[in-house]
There are 2 protein chains.
Amino acid sequence: MERDSVVNPYEVKGNIDYEAVAKRFGVNLIDEKFKERIRGLAGGDLHFMIRRGIYYAQRDMGWLLDEYEKGNKFYLYTGIAPSGAMTLGHLIPFQLTRWLQEKFDAEVYIQIPDEEKFLAKKKGLTLEKAHELSYDDAANIIAMGFDKRKTKIFLDTEYAKTLYKNAVRVSRGITFSMIKDAFGFTNEDNIGRIFYTSMQAVPAFLMSVEKGKNVPCLIPLAIDQDVHFRIARDSIAKLGYYKPASIQSKFLPALSGKPKMSASESSDTIYLEDDEETVRKKVYKAFTGQQPTAELQREHGGNPDICTVCQYYRFFFEPDDKKLKDIFDAERSGSLLAGEHKKDLTARINKYLKEQREKKEKALRVMDDFMVRD
Amino acid sequence: MERDSVVNPYEVKGNIDYEAVAKRFGVNLIDEKFKERIRGLAGGDLHFMIRRGIYYAQRDMGWLLDEYEKGNKFYLYTGIAPSGAMTLGHLIPFQLTRWLQEKFDAEVYIQIPDEEKFLAKKKGLTLEKAHELSYDDAANIIAMGFDKRKTKIFLDTEYAKTLYKNAVRVSRGITFSMIKDAFGFTNEDNIGRIFYTSMQAVPAFLMSVEKGKNVPCLIPLAIDQDVHFRIARDSIAKLGYYKPASIQSKFLPALSGKPKMSASESSDTIYLEDDEETVRKKVYKAFTGQQPTAELQREHGGNPDICTVCQYYRFFFEPDDKKLKDIFDAERSGSLLAGEHKKDLTARINKYLKEQREKKEKALRVMDDFMVRD
């Protein structure tokens, strides 16, 4: 199965064997010992996404934590390429980043590359529209509770004086050969898209440039984004900066059960702006893998590992491990039928989205505390 | 011969048949009728570089002059990629641009792409060194007499907020296939270098972006730079802007008689900073193609078309056509021997360089009137 999967920023396809992908990308699986190390340094708490293996792999994070223990603090870098309304899946890197900021008192750089999906020729996306979406995304990100004294958010087109010069420096060590297969590019791809990965690499060493001394960087990201930093790290090192460390997540499954929720397939995805009725309809159609009839389900039970509803609780809506276990057990035993199960999840999602939208309204009033521009 | 010549921004090689290159690049030769049209619109004057066919070809300049006659004024765009000390050859586009500014009351954009030669991995050139050279180049350019009210000079790394966004837009219509052979690139070239042509394309439509309406643009440039605009023009048009017009020059020959003076072969080149003795030595060794002895030269004469000394008068140091004819005739008849010929040219060059350096000193004090930054 693994041999057929494609996992890069522009395409995720096939049944993903996450362990095999980690091996292919050269990242290390996060084992229990490593989790406990993070927990210890985070003051005894561990984010449920790490506990549950949603963040399941890392590169150089052991080194980063060694440095942290020596008193060499790290900063965090993550981002989102605006392409349409934000989905729940988009929030995963920001959730962990916010938690890490709090636990490790870390500064955060958030890049909003408003050119990326335009260069990838996403249908109907103008640069102006991407700009507008960027500010909407920024408001949603701020709403998640980042510390305004320690968080900088920037759009590539608005921060290009800072970014381009450093992108030039890092691009000098990256050939077209090095990126072609990794991104699935051909000679018919446009040269802006070919260059773009250099822009995404910059925030991974930008604080070192700014401070005039090396600062470790940790990048929480979904595994499909790993390629950017896998490719840039040697070039970053040649410039004399630390290679960035990273922590990789799996994808929030689509409601249909496909491995990755896609922002472009609207029925398969929960948008932050979906109204209650829309959420209800989408969840109602979600894949659970339950038996064809209530009788059979009560008799044989279901499989929470393939049940989208269970997975949504696991990824997002039930941070309490004990309660999650109850939900999984009920699914497995057949005592929880799809209708009730979906009704509960719908209520949870709608509550979450309502709160997120309220926080976003407030965030709109403090945007200037976060946005940086040249 | 033509089939062996290479003429692109990164390599000029072989015996250049300029007419064949014009045909290959799809530019039109400038004939006498076209010269007279320029002269008429310029108020009866015609720059000696156009008169003598040093600027020998153009693309869309007829259209540009049509627009000018309708009252639709054009702006000028040229530039220089800093790679080392400036040479006489570097001044050719600026000489014509300055003259066109005066005669057509045109605004001028001058791009100094301080990343270009760094991305091309010119030996020993850091981005910091390129930055320093850029300001030296800017001073030399200002010294040539540009109108401070109508001239903007910018470095790519300092103007990237303005340039990058537009480079992204134009790059979207340029594939690697389109540029690969034209620039002599391979998959082993770095992605910054591959993207760079987009940055060079931007000033060709930037004024239209800024004014929110189309403004014709004329680019004086050496023929090796033509490829940038040949490739970008369709993408520029797709964005809704006028395709840029251009006027192409031949290369100032090297002192050895090679077709192009190269900034990287120091003995073959006159730098603006060369002192009197250095100029004397370089000119003394210059190729004239004269007969092996004074007697033979007096008897058979020489060929001014291959004589570097004659060509330096033609390209630069004798704007008066009558006087130039006298020099050429003397070379042809054998009455002018190499020693005297070179002594005269040395004096002319040293006088020119001394004045240029004096004007450059003054230019250093008015840099801020010309430089624009984000």
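Predicted model: local features only at pLDDT ≥ 70, side-chain atom pairs only at ≥ 80, totals over all residues.
**Confidence**

Chain A has a mean pLDDT of 95, with 98% of its residues at 70 or more. For the complex as a whole, the predictor gives an ipTM of 0.94 and a pTM of 0.95.

**How the two copies sit together**

Turn chain B by 180°, shift it 0.0 Å along the axis, and it lies on chain A with an RMSD of 0.0 Å. The two copies are therefore related as by a two-fold rotation axis. If you want to find that axis from chain B, look for Lys161(B): its C-alpha is the nearest in the chain, 2.4 Å away.

Where do the copies touch? On the chain B side, 30 residues are in contact with 30 residues of chain A. Helix 6 (116-119), helix 8 (160-171), helix 9 (176-183) and helix 10 (191-201) of chain B each put at least two residues into the side that touches chain A. Helix 8 of chain B has the largest share, at seven residues. Sorted by class, that side of chain B is made of twelve nonpolar, nine polar and nine charged residues. The copies meet through the same surface, because 100% of the interface residues of chain B are also interface residues in chain A.

In soluble globular proteins, nonpolar side chains tend to be buried together. Here the largest nonpolar core has 220 residues, and the ones with the most contacts inside it are Ala204, Cys217 and Leu218, in chain A and in chain B. Helix 5 of chain B (residues 88-104) gives the most to this core, with eight residues.

**A strand pair in chain A**

Strand 7 of chain A (residues 151-155) is mostly covered, with four of its five residues buried. Its partner here is strand 6 of chain A (residues 108-112), and the two run in the parallel sense over five bridges. Within the pair, Ile110(A) stands opposite Ile153(A) of strand 7.

Gln101(A) belongs to helix 5 of chain A, residues 91-104, while Arg51(B) belongs to helix 3 of chain B, residues 48-51.

Contacts come next, leaving out residues up to four places away in sequence. Gln101(A) is in contact with Leu76(A), Ala106(A), Val108(A), Phe146(A), Asp147(A) and Lys150(A). One of these, Val108(A), is in strand 6 of chain A, which spans residues 108-112. Arg51(B) touches Lys35(B), Leu46(B) and Asp321(B).

The table gives one C-alpha distance for each of the two residues.

| Pair | Apart in sequence | C-alpha to C-alpha |
|---|---|---|
| Gln101(A) and Leu296(A) | 195 residues | 47 Å |
| Arg51(B) and Glu36(B) | 15 residues | 9.2 Å |

How values were computed
Residues numbered from 1 in each chain as written. Chains lettered and ligands numbered in written order. Core = buried A, V, L, I, M, F, W, Y, C linked by C-beta atoms within 7 Å. Buried ≥ 20, exposed ≤ 12 C-beta atoms within 10 Å, placed from the backbone. Least-squares fit on C-alpha atoms with pLDDT ≥ 70 in both. Contact = placed C-beta atoms within 7 Å. Nonpolar A, V, L, I, M, F, W, Y, C, P; charged D, E, K, R; others polar. Pairing = 2+ DSSP bridges. pLDDT = per-residue confidence, 0-100.
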